[in-house]
Structures are given as C-alpha cells and as structure tokens.
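Me: I would like to go through this model by its definitions. Please set each value against its cut-off.

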Amino acid sequence: MTTPATGRARAMLHACLPAPGEPRLLAVSWLVKTVGSGLYLTTSTLFFTRVVGLPVHQVASGLTVAGIVALAGAVPLGRLADRFGPRRTYTVLLGVQFATMAALTFARTFPAFLALILVFLVAEQGSTAARGALVATVGEGAERVRLRAYLRVVTNVGITIGAAASALVIQADTEAGYIALLWCTALTYPGAAVPLRWLRACETRPAERAAHTGSGWQVLRDRRYAAVTLICGVLSLQSQVLSFAVPLWVLQHTEAPPVLVSGIVAVNTALVICLQIRFSRGAEDDSRAARMCRNAGIALFAGCAVVAFTGGMGGWSATVLLLLFAAALTFGELWLSAGSFGLSFSLAPEGMHGQYQGFFSLGRGAATAVAPVLIAVLCLGSRPREGWLVLGTLFVVAGAAAPLALRVRGAAVLEPSPSTATE
C-alpha cells in the first residue's frame, strides 16, 4: 500500500530525473562517460609523467598542440553525425576513444603519446558534437533544454565520483595503480555506448538528410550563430578561472588557508547540482536565453571585482570574500550554461545539429586553449587587481552583446525539393 509520504517521495524523485525512456538512457550513458572523465582528469598528468616518463613541459606542450589541432575536427565530425545519425557516429567515436585510451597504457615515448592523444582529442571533439545532436533528437523545446541542464548536473556528479575513486590510486602512487586506472577509464567508453542501443529516435530522417546534403557547410555562413558562439566562448573563460586561476591565487596571493581551494570547488559543484535545472527554465526562448547570458556576464564581473581586492588580505577576510567570489562565479556559470543550451539548440536548423553543435564547441575549445596565458598575464601578473577588473569587464561586455547578437541575420535554410525529400 502506498502511503502519502511514499507518494510524495516518488513524486520528488520523478521531478529530479529526466523523462522515462530515451532521456534516462542518455543520462545513464552520460554518467558512465563522465565518471571516466573524472578518473582521467585527476590522474592523466601523473600517468604521463610518472609512468610514461615524460617531462612536465612535454606533456603540457603535447596537450596544447593536440588540443588546438583537434578543434579542426569538430565541424566535419558533427556533419557526419547529421549525415549518418548521431547515435551511430557517437558510438563509433566512443570506440575510437576506447582504443586510443587503451593504447596509451603502452605508450612510452613522446611521439607515441602525441599521436594517440591527438586522435583521442579529435574523437572527443566529434563526440561533443554528436552528443549535442543526440540531445536535440531525444528532446524538443523546453524538454530539450531541461534534459541538457540535467545532463550538466550528471556531469558534475560523474566527475566527482571519478575524482573520488582515483584518490586511493593517487595516494598509493604506483605504476600498476595508474595503469589500472587508465584501463578503467578506457572501459567507460564502451560502457557509455551500451545504453545507446535502446535509443530509437536518434537517426537522421530522410528529409533532414536531404536538407543537410543540399546545404553544404551552412554553419560557416551563419553569422548570427558565429556571434553567439564567440560570445559564449568568451564567457566560458570562467571555467578556467576556477580550475587554473583559483588554486594559484589562493596559495600565492592571499593568506587564506590552502584548504579553501577545495572549499571553492565544493561550493561550485554543490550549487550546480542543486540549481542548474531551475536556472535553465525558459531558456528555450531565444530572448530569455540571451538575457541569461547577459546576467552571466554581470555575475562574472561581480566575482572578478570581489576577488580583485583579496590580494594580500588576511585569512578570515580573504576567506569570506573568496566564498562570495565562488558564489558569484557559479551563478555566472549557471546562467551561461542555461543561456548557451537554449541558443545553441534553437538557432540551429533541424537536421543540422551535428555541424552546429560541433561549431559551437569551438568557442569553448578556443577559450580553453588561450585561457592559461590570458589569465596568467591579467590575473597572476604584476598588476593583478587591474587584471581581474579587465577580465571582469570582458565578461560583462560579452554578456551585454548576447541580446544584440540575435539581431544579426542568420543563414538561410535551403529546403530540399519535394522529390528529394520523399525518396
């Protein structure tokens, strides 16, 4: 017999989960893959330096070069997802990532490391585009944006699980442990492919394939989408502020306790898990999504303004301000994620989400490539207070441009002829 309390508990659980069926299958696949990402992010550099035996500068330069070159694969592989179906393309790319990750366990030279990591990152770029197209085909309108927001929550949960699982291996610091962890990471890729077998509504329909074939590289002619990609790319520098600037700033420029670095990350993760779905409501509307990007710019500016005055500040004062900074940075991230979800989907023509999502990923990819140098010069250089304010100004200007970008004319969609569409 179901009691009222049980019924309420079930209703709350249902509200916290995506819709039954394909959305939940996609969420399971996403969780498995992001657990692997958490394992890889926390231990990859240690594996390459301690097991492969590469100097730190070679690992850094190899990852940078491979990451920049891999950006070139985003749009072509996204276009393949449009042509052959996002599920099929994504599954193949997961297989490529499994093979290259497994091969990395045997790499012991810099050329082998560079070649394998390049193939891996090219496949990752294509996977990003194909996953975006999968979301577009599984959900529509508000449900599509809600599903993408839920998957972002899953990403944070998965990476946290993976990072926690790797802690024991890092503590043991043995070659066998790092190799075993890399194999576990590799196995998450075929593991993520298994739930995709039951997805049905994920292959390109004939009419959409015909439209795509006749359109060529349409995304490269879409100035409005390019403007939105640039704006969201600039705003996405905030993720590198958290991962790159915060540890160095707390340890080298303030008197706050070192454990605060973990505290800031914990605040960020908890707020994203709890609030991302709520912040994403209404993002299917273009104007509202653009305003969310504007709000993100304002919040990020506020965060930069706060942290600018913590340099050299005493422990308790710096701790309070840095926690306020963490909250502002996370609110900016929440608004940015919601706005970019909505705009990246709604401004892309149906049947072309692969190439459009691939192009959209270039903004974040380029930001990731330039962020360490830009942040080091502005925020960790000789005049950090002014640098933080300059970075904040960059955020607020980019956010303010988002509503204006919607006025830019997009590319005309070429419709297939009736005879072609019905073949």
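Me: In which helix is confidence lowest, and in which is it highest?

Reply: This is a predicted model, where local features need pLDDT of at least 70, side-chain atom pairs count only at pLDDT 80 or more, and totals for chains, interfaces and linings use all residues. Residues are numbered from 1 along each chain as its sequence is written, and side-chain values use heavy atoms, with hydrogens and water left out. pLDDT is the predictor's confidence in each residue, from 0 to 100. Helix α17 (residues 418-421) is lowest, with a mean of 39. Helix α13 (residues 286-307) is highest, at 97. Residues 204-214 form one of them, with 25 contacts beyond near neighbours in sequence. Residues 415-423 form another, with 8 such contacts. A contact means heavy atoms within 4.5 Å. Where pLDDT is low, the predicted coordinates should not be read in detail.

Me: What is the average pLDDT of the protein?

Reply: The average is 86, and 88% of the residues score at least 70.

Me: How many helices and how many strands are there?

Reply: The protein has 17 helices and 0 strands. Both are DSSP runs, numbered from the N terminus: helices are H or I with at least four residues, strands are E with at least two.

Me: Why is Gly365 called buried?

Reply: Buried means under 20% relative accessible area, exposed over 50%, and partly exposed in between (1.4 Å probe, protein chains only). Gly365 has 16%, so it is buried. Gly365 sits in helix α15 (residues 353-379). Its C-alpha is 7.8 Å from that of Gly233, 132 residues apart in sequence. Across the protein, buried residues make up 48% of the 423 residues.

Me: Why is Ala60 called partly exposed?

Reply: Ala60 has a relative accessible area of 39%, so it is partly exposed. Ala60 belongs to helix α3 (residues 56-70). Ala60 and Thr45 are 15 residues apart in sequence and 8.7 Å apart, C-alpha to C-alpha.

Me: What is the phi of Asp173?

Reply: Asp173 is not a glycine, yet its phi is positive, about 55 degrees. Most residues other than glycine have a negative phi. Asp173 is in the loop between α7 (141-172) and α8 (175-193). At a relative accessible area of 33%, Asp173 is partly exposed.

Me: What makes a space a cavity, and how many does the structure hold?

Reply: On a 1 Å grid over the protein atoms alone, a cavity is a set of points where a 1.4 Å probe fits but cannot get out. Grid points are joined across faces, edges and corners, and the volume is the space filled by probe spheres set on the points. The structure holds 1 cavity of 30 Å³ or more. About 30 Å³ lies in the largest cavity.

Me: Which residues line the largest cavity?

Reply: Lining residues have an atom within 4 Å of a point. Those of the largest cavity are Ala245, Val246, Trp249, Val250, Ile264, Val307, Leu322, Phe325 and Trp388. Helices α11 (237-253) and α14 (315-346) each supply at least two. α11 gives the most, with 4 residues.

Me: How many of the lining residues are nonpolar, polar or charged?

Reply: The lining has 9 nonpolar, no polar and no charged residues. Ala, Val, Leu, Ile, Met, Phe, Trp, Tyr, Cys and Pro count as nonpolar, Asp, Glu, Lys and Arg as charged, and the others, Gly among them, as polar.

Methods:
1 Å grid on protein atoms, 1.4 Å probe; cavity = no way out; pocket = protein on both sides within 12 Å on 5 of 7 lines; lining within 4 Å.
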